[in-house]
Structure formats: structure tokens, C-alpha cells
Amino acid sequence: MKKKAILIIVLIIVVVGAIGAYLFLQNNEKNNNELENKMETASRSYFEKYVSANDSVNVYKVTLQDLENANKNGEEYDLKGLEKCDKTKTFANITINYQNGKAKKAQVELKC
């Protein structure tokens, strides 16, 4: 009888632990997606304002440091939540559309 009770308690602990881990990972993924979206939006805007599409580069790297420097110079990029991220290793690679000189897509790399 004691073995069954111990087994049931262990199973309950395992199930509760698994559910807790799942919820934690889901919340963490959601936060990362929000931060990636903020970084992508700010990087695209930065690219449109400060980078010439006439460069021979087809991918342009915008770091978190670039965005923070632009904010110091009067821009208002929403970087809330990115305070703990590495300033030079958190970046977005902006792919350029040469037909119109605009940002085609952005690939974000977070190092938080």
C-alpha cells in the first residue's frame, strides 16, 4: 500500500513539474518573439533612415548598439525588454530589395 502511495505522489510531482516546465518554455518563447519583433521593426526603420541602398552589400547588419545610438540622437525606437541583451551581439540582418532600395526581410539574432 505504501509503495502505491509513493508511486502516485512521484507521478503527481512529475506531471506537475512537466506542466510547469512547459508553461515556462511557452512564456519564454512568447517573450523572445516579442523582443525579436521589436528588434526587427526598429532595424528596418533604422535601415530606411540611415543606410544607402546603393551599397554593394546585399545584407546589412543593424546592432542593438546602432539602435540605442539612434535613440540618443532623437529617434524613438521601442527597445524596452532588450536592456539585458548584448549590445553588439544582438543584431538584425536586413536583406535589401535592390528594385526599390527598401528592406525586404530581417533575420534577428538575440543574445540576452
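R44 and E40 both lie in helix α1, four residues apart, about one turn of the helix, where helices are DSSP runs of H or I with at least four residues, numbered from the N terminus. R44 forms a salt bridge with E40, with 3.3 Å between the closest N and O atoms; the term requires a side-chain nitrogen of Lys or Arg within 4 Å of a carboxyl oxygen of Asp or Glu. R44, at 24% relative accessibility, counts as partly exposed, and so does E40 at 23%, given that buried means under 20% relative accessible area, exposed over 50%, and partly exposed in between (1.4 Å probe, protein chains only).

## Basis of the model

This is a predicted model, in which local features need pLDDT of at least 70 and side-chain atom pairs count only at pLDDT 80 or more, while totals for chains, interfaces and linings use all residues. Residues are numbered from 1 along each chain as its sequence is written, and side-chain values use heavy atoms, with hydrogens and water left out.

## Salt bridges across the sequence

The structure holds five salt bridges, among them one between E75 and K49, whose closest N and O atoms are 2.7 Å apart. Because E75 lies in the loop between α2 and β2 and K49 in helix α1, this pair ties together parts that are 26 residues apart in sequence.

The side chains of K87 and E68 also meet in a salt bridge (3.2 Å, N to O). This pair links distant parts of the chain, with K87 in the loop between α2 and β2 and E68 in helix α2, 19 residues apart.

Methods:
Helix = DSSP H or I, 4+ residues; strand = E, 2+ residues; numbered from the N terminus.
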